[in-house]
Amino acid sequence: MRVLIYRHLKLFLKNPFNILLSFLSSLVIISLYFLFIRDFTIQAVSDYGFVSSYNELFVDRLMTSGLLIVVGATSVLSIVFIFVKDYCSGIIKDFMVSPISYIKIIYSYFFASFIVSMVITLLVYLGIQVFFVVVYEDVNSFSTTIFSIFILFLSNIISSLLMLIVGLFIRSFTSFSTFETLYGVVIGFFTGVYIPIGYYPTLIKNIFFYFPLCQTTSLLRNIQTSVIVDKILDSYPKSQHDILYNTFGVHLTFCDVAISLKDQLVIVIVAIILLNFIVLFIIYLRRYHKIH
């Protein structure tokens, strides 16, 4: 499997345009926030009574956490494109001649996409932390950094599995290109990045609750903003704090009941197990029942 993973990564790196697009898409996502979303969000947070010297810092921590999840979710697409290309051209059938199982062949694309998304996400995360140091002189603690990277790790696993499942169903470049464009647009809404999750109708919020990347966005936002809120909690009523957190997706609610961080982590782990089961089930159907 290592040889296949290396092969996929080599194909990705062989075309500089792939690397450029990956970082360019990250830059576009971040630029959209600073140009169109930031001022609106700061004003919206102020309307909830969160007026303090930490206002802009809180919003930037809040929103860049969501942007990191979106960056990871879109970074996997390049490797999935290689997977679709290999399947359509029949290259995967050539791999099956070698002494390696079909499951390992499919999962080699998963690991390659995870590595790409994790590297890109960590580089963007580093750049964002430099921004906070330069602009706000705000530095994440060691524990905050470790937990944030752990959440990004889980989020990128989910993103890679989701796109692998999509790749198993898509059988043409045209279909994948259409999906890629659509996915890049809607993923920010599904995670509550472009529009705060609390602004959606209750039915939509309950549906998005089951989308695992919405959970990882909430977890990352919670850890990234917790230190800021702790500094001002004495002058900011807890009831107002809870409303703010529920509205902007730091805390997620289901049927108006707030979900604890521990429960969210359980949901994320269960989602990863379930997505792996779906991948294996599709592989079983395709491999042994010849479903194409």
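Residues are numbered from 1 along each chain as its sequence is written, and side-chain values use heavy atoms, with hydrogens and water left out. Because the model is predicted, local features need pLDDT of at least 70 and side-chain atom pairs count only at pLDDT 80 or more, whereas totals for chains, interfaces and linings use all residues.

**Exercise 1. Determine how helix α1 is oriented relative to helix α6, and which residues make the contact.**

Helices here are DSSP runs (H or I, at least four residues), numbered from the N terminus. Start with the geometry: α1 (residues 2-14) and α6 (residues 102-136) pack at an angle of about 50°, with their axes 8 Å apart. The axes are lines fitted to C-alpha atoms over the stretch in contact, and angles run from 0 to 180 degrees between N-to-C directions. Next, classify the angle: under 35 degrees counts as roughly parallel, over 145 as roughly antiparallel, 65 to 115 as roughly perpendicular and the rest as oblique, so α1 is oblique to α6. Then list the contact (heavy atoms within 4.5 Å): α1 contributes L4, I5, R7, H8, L9 and F12, while α6 contributes I105, S108, Y109, F111, A112, I115 and V116. By class, these are ten nonpolar, two polar and one charged residues, where Ala, Val, Leu, Ile, Met, Phe, Trp, Tyr, Cys and Pro count as nonpolar, Asp, Glu, Lys and Arg as charged, and the others, Gly among them, as polar.

**Exercise 2. Carry out the analysis for helix α4 and helix α8.**

The axes of α4 (residues 77-89) and α8 (residues 173-190) come within 10 Å and cross at roughly 165°. The two helices are therefore roughly antiparallel to each other. On the α4 side the contact is made by L77, V80, F81, V84, K85 and C88, and on the α8 side by F173, F176, E180 and Y183. Sorted by class, this contact of α4 with α8 holds eight nonpolar, no polar and two charged residues.

**Exercise 3. Decide whether S159, T247 and E137 are buried or exposed, and place each in the structure.**

S159 lies in helix α7 (residues 142-169) and counts as buried because its relative accessibility is 0%. Leaving aside neighbours within four places in sequence, S159 is in contact with G72, A73, V76 and L213. T247 belongs to helix α11 (residues 238-247) and is buried at 9%; with the neighbours within four places in sequence left aside, T247 is in contact with Y48, P196, I197, G198 and Y199. E137, by contrast, is found in the loop between α6 and α7 and is exposed, since its relative accessible area is 71%. Phi of E137 is near 55°, a positive value in a residue other than glycine.

Definitions and conventions
Buried means under 20% relative accessible area, exposed over 50%, partly exposed in between (1.4 Å probe, protein chains only).
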